Amino acid sequence: MAEEPTENISGGDDGSAAAAFEAGDAGTRAEAVVDELGDLYWQKTYGGKDAFESLVRTILSQNTSDVASQPAHDALMERYGPEGSDDDAAGGGADGGGTADDRDLAAALADAEQSELAETISSAGLYNQKSEMIVGAAERIREEYGGRAGFDEFVRTEEPSEVREALLDIHGVGPKTADCVLLFAGGRDGVFPVDTHVHRIARRMGLAPADADHETVREHLEADVSGEKCGFGHTAMIQFGREYCTARKPACLDGPEACPLYDLCDRVGVDEVGESVVDPAEAAGE
């Protein structure tokens with residue numbers, strides 16, 4: 001069984017407070033897909049990440065790859081996190097002071113010079129926009145929750161719908177970012193974040209309508225997959241999209257035996273005879 005990747009897909013390589021889920025009799029095809037992915041990959045539920053760091057990490061990962069966003073996250077934490085340099089610690093405490101060991105990440109980023117932060121995260125791409133989002137989010141979290149610890153408690157303890165609504169009200173936070181924070185920090189069951197891989201695969205497999213937007217795909221998956229399996233389903237489907245069900249050349253073009261989920265897939269938009277692929281929405285409109 002393959003090991004879980006460490007880069008971004010689960011919020012980094014420092015582990016999660018998690019336990020393996022129990023695969024059982026699947027009541028829906030979507031759940032059968034997740035169970036099959038559990039046989040192919042790791043089986044793990046999620047939670048235990050710091051909420052604000054999860055938010056920052058997910059913003060950094062927007063519209064870029066793990067290869068680009070991971071170094072940006074590491075550089076940001078080195079400069080502004082608890083282990084950052086003493087010279088960078090000014091303004092780091094919740095009260096605007098503090099040392100490198102006790103400073104609050106949200107406070108440090110709220111007080112950060114945006115151009116300096118942009119330079120720090122430049123490997124992530126769109127660094128001017130992302131630095132603006134991160135500083136704005138940090139200011140909001142310091143003002144409303146008192147900093148990193150208060151925000152983390154809010155994400156872990158309040159109703160998921162309330163947390164999601166609050167997250168979506170932060171500039172630069174969309175549904176996928178909000179759901180990743182709920183999943184990786186809050187450890188909430190029944191949260192199935194939808195990124196480009198999940199959006200493509202769910203529609204290609206016929207687990208959601210071919211023309212469904214990201215939110216509609218999320219609603220279908222969260223309705224059809226058991227709550228404790230949703231987080232794993234998200235990360236494993238991303239990995240499956242990277243290894244097998246790519247946008248331009250899914251494994252099924254090499255024959256049924258090339259894809260471990262072939263029998264569970266409708267292959268919407270895939271022409272196996274002509275060896276061509278279109279977006280499922282385009283295929284549905286023909």
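Predicted model: local features only at pLDDT ≥ 70, side-chain atom pairs only at ≥ 80, totals over all residues.
Buried means under 20% relative accessible area. F240 has a relative accessible area of 1%, so it is buried.

Y244 counts as partly exposed, at 22% relative accessibility.

The structure holds 6 aromatic pairs. Next, select Y46 and F184. Their ring centres are 5.4 Å apart and their planes stand at 80°, which makes the pair edge-to-face. Where do Y46 and F184 lie? Y46 is in the loop between α1 (29-40) and α2 (51-61), while F184 belongs to helix α9 (residues 175-184). The pair therefore ties together parts that are 138 residues apart in sequence. Colour both by accessibility: Y46 is buried, and F184 is buried too.

Move on to Y41, W42 and F232. Ring pairs link these residues into a cluster. Show the three side chains together.

Select E153, E158, E159, E162 and E165. Together they form a negative surface patch. Centre the view on E153, one of the patch residues. E153 lies in helix α7, which spans residues 148-157. Is E153 buried or exposed? At 52% relative accessibility, E153 counts as exposed, since the exposed class starts over 50%.

Note on methods. Residues numbered from 1 in each chain as written. Heavy atoms only, no water. Patch = residues over 30% accessible without salt bridge, like charges linked within 9 Å, V, L, I, M, F, W, Y side chains within 5 Å. Areas by Shrake-Rupley, 256 points an atom, 1.4 Å probe, with all protein chains shown as cover. Salt bridge = Lys/Arg side-chain N within 4 Å of Asp/Glu carboxyl O. Lys, Arg positive; Asp, Glu negative; His and termini not counted. Charge placed at Lys NZ, Arg CZ, Asp CG, Glu CD. Helix = DSSP H or I, 4+ residues; strand = E, 2+ residues; numbered from the N terminus. Buried < 20%, exposed > 50% of the residue type's maximum accessible area, 1.4 Å probe, protein only. Phe/Tyr/Trp six-rings, centres within 6.5 Å; stacked < 30°, edge-to-face > 60°.
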